[in-house]
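Here's a quick briefing to read alongside the model. Have the sequence and the 3D view open as you go.

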Amino acid sequence: MNSRRLTFVCARSAVFLVVGLVVFTLLGWSVYGVVAVGLLAAAVLVQLGGVLWLRRSEGKTPFAPRRAGRAE
């Protein structure tokens, strides 16, 4: 898996997290809601760490200035 695909999975999980927060806030929190939101939040954090690790191992430093190519 490359960092681009993992970023998509992380964004999709973040959307589910936001939906879960909204739904359980409107309907009332239960034990299952707390567990579900907690697990989703942990999954998003692990995926975000994976994205950063993959980008670093691929040599794509986030927010780094690009090197100027040699003009020949």
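Predicted model: local features only at pLDDT ≥ 70, side-chain atom pairs only at ≥ 80, totals over all residues.

Residues are numbered from 1 along each chain as its sequence is written, and side-chain values use heavy atoms, with hydrogens and water left out.

**Whole chain**
- The protein chain has two helices and zero strands (DSSP runs numbered from the N terminus: H or I of at least four residues for helices, E of at least two for strands).
- Of its 72 residues, 19% count as buried (under 20% relative accessible area with a 1.4 Å probe, protein chains only; exposed is over 50%, partly exposed in between).
- Among contacts (heavy atoms within 4.5 Å) with a separation of 6 or more, 69% link residues 24 or more positions apart.

**Helix α2**
- α2 has 27 residues and reaches 39 Å from first C-alpha to last, close to the 39 Å expected at 1.5 Å a residue (1.5 Å times one less than the number of residues).
- Its buried residues, including Val 37, Val 44 and Leu 54, pack against α1 (3-27).
- Just after α2, Gly 59 takes a positive phi of about 85 degrees.

**Gln 47**
- Gln 47 sits in α2 (residues 31-57) and is buried, at 16% relative accessible area.
- Leaving aside residues up to four places away in sequence, Gln 47 touches Leu 6, Val 9, Cys 10 and Ser 13.
- The side chains of Gln 47 and Ser 13 are joined by a polar contact of 3.2 Å (a pair of N or O atoms within 3.5 Å; within protein, one must be able to donate a hydrogen and the other to accept it, and residues adjacent in sequence count only if both atoms are side-chain atoms).
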